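Please open the model in your viewer and keep the selection panel at hand. The tour below goes from one selection to the next and says what is found at each stop.

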Amino acid sequence: MLPDVRDRLPGMAPKSASMKGFYRQKKSTKSTASKNVSTKKSPNLPMPYDSDITQPAALISHGSLDLKDSYKEDEQILGRFDMNMAYGPCLGMSRQARWERALKLGLNPPEEIESILKRGKVGSVCLWEGRV
Amino acid sequence: MAAMEIDSPTKIPRKQAAYRSLDEPFEIQKDIYRGQQYSQIYSARLHLLRTLMHSLVPTWKPHFPVCNILGLEEGSECVVVGTLYKHMELKPSVLDEYSKERSVIPIARPDNFMHESDYLVLEDESGRIKLGGSLLSPSVYVTGVVVALLGRETDAGDFHVEDALEVGLPPQLEMPLKSGEDKYVVLISGLHVGRAASNPLESQLLIDHITGHLGDQQVQGMAAQIVHLVIAGNSVEIPRGILNKQNLASTDYSRLSEPIKELDMMLTEIAAGLTLDIMPGSNDPTNFSLPQKPLNRCLFPSSAAYNTFRSCPNPHCFEIDGVKFLGTSGQNIHDLEKYSEAKDKLEFMERTLKWRHLAPTAPNTLGCYPFTDRDPFLIESCPHVYFVGNQDKYETRLMKGSEGQLVRLICVPKFCETGVAVMVNTNNLECRTLSFNASFSS
């Protein structure tokens, strides 16, 4: 849970139901490094372990903030597959090729990874491709 | 001396043998380079060999747990499987040019980079740990070998090795039953056609003997038992000095292509008589990194017209009448020589078989294609004949494995320097030399 900002700043607006009213910020479609990503989710929910606050700013540098939650979950699952050292290095090959290699070497990669990759709308290469 | 009968009534037919190429793992046409690094090939190598090790470790040390390097606990004995890395002080590094000290590191010998301060490190995907203890001698091992080690982590942070296990020779298919027919495969390497010091008379003698144009009936009968010829690398020597020139005149172009044309003419004579495999070597016009692609058929316009002519990759693997041959043009053993020591070249070859890997130093010090999902140099099944070309002298030994495997190890010498070719009998794995000498006595 985020520490309650209203408690730290004396004499501010009375407690309102959502942070939105407090900050009154408009969503800009061309924000380059928007630090205030917390407006995406209602703060009344407990912050999930991999919250959006930890996402690097570059991910949303190209335009609108991504609101499709199911897409995000798929990316997170694939991200964990990328980082899992048991399946070998992730750089330099597509996720599909890496999954097939894991299958070929007998490492039993989870089948849900392949189904997510087949569904499409996810990155074909790992997060670090082209950046490292 | 009896006159040679020119019109001999009996024709001596050449013996035939069934040939099967097993070069598919060494082809890189289907692989596309996507910017990957060498970590992929090391990861594939470790996974494949570690799976094998995990099946051997329970019989070797049944009472000890197996863990990965990050899971090691100080003081507790366990078995770890990983890839060795040898830290060598004298190993040439491109970063030495940029080092600020500018001190000249004295190199004792330019062809061997060993030093008494070399030490071994074991690595897997979780971490690495320095190896201590006196069991593993750094002069024997090289970077890239996968081993299983029993030991414990000391408080100094290194792993004290108590026992070590190599993968061992791969399983071998039974040799076909002795048919009673002696059939020979001739191995030559290092023709170096185009080199000023090479003697074309000796290679012509070789060709004439193999194709049966020399000698009397008895000698021709022996030549008729030769079923196959393999040329293991470095067949041509292109004058490199010309390529460094700024402007090439038309005479330069013809001088560049002369050695290849001469080789083509020689190969045409051979291909007309028997099947022939030509492998590329370190000096041949093909790619540098292993596995080397077969020499292009355009280089051999007249011999490639024969279906007996076969251009093969390096390393090369094939079967003649069920006898499996595996060989390289020498780069793997030459690299092992630079980074480790053994009493003779055959011992290096034995080690590569025991480590089940043709070229463990690839890609560390030996150029290699960055494969992503496989390591083609892993030896899956044990060959019956294992040959290495371009060596200084002819050596051979029959190696016996722990499960009854029998391998004929052959070091094929450079023909242009020694005039020696090797004949292997596929019936009983016996090995002989054919020596040609055409020097003029002064």
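Begin by selecting Asp373(B) together with Lys104(A): in this predicted model, the two residues form a salt bridge whose closest N and O atoms are 3.4 Å apart. The rule finds one salt bridge across the interface of chain B and chain A, and on the side of chain B that touches chain A the residues divide into two nonpolar, seven polar and four charged.

Now widen the selection to the whole contact, to which chain B contributes 13 residues and chain A contributes 12 residues. If you display polar contacts across the interface, the rule finds five residue pairs, with both residues at pLDDT 80 or more.

Next, turn to the aromatic rings, for which the count over all chains comes to eight pairs. Select Tyr369(B) and Phe371(B), which form an edge-to-face pair with 5.1 Å from centre to centre and 70 degrees between the planes. Are these two residues buried or exposed? Tyr369(B) counts as buried because its relative accessibility is 14%, under the 20% cut-off, and Phe371(B) is likewise buried, with a relative accessible area of 0%.

Then select Tyr19(B), Phe318(B) and Phe325(B), which form one aromatic cluster.

For the last stop, select Tyr119(B) and Lys130(B), where the lysine lies over the face of the tyrosine, at 4.5 Å from the ring centre.

Conventions: Residues numbered from 1 in each chain as written. Chains lettered and ligands numbered in written order. Predicted model: local features only at pLDDT ≥ 70, side-chain atom pairs only at ≥ 80, totals over all residues. Heavy atoms only, no water. Contact = heavy atoms within 4.5 Å. Salt bridge = Lys/Arg side-chain N within 4 Å of Asp/Glu carboxyl O. Polar contact = N/O pair within 3.5 Å; in protein donor to acceptor, adjacent residues only side chain to side chain. Nonpolar A, V, L, I, M, F, W, Y, C, P; charged D, E, K, R; others polar. Phe/Tyr/Trp six-rings, centres within 6.5 Å; stacked < 30°, edge-to-face > 60°. Buried < 20%, exposed > 50% of the residue type's maximum accessible area, 1.4 Å probe, protein only. Lys NZ or Arg CZ within 6 Å of the ring centre and 35° of its normal.
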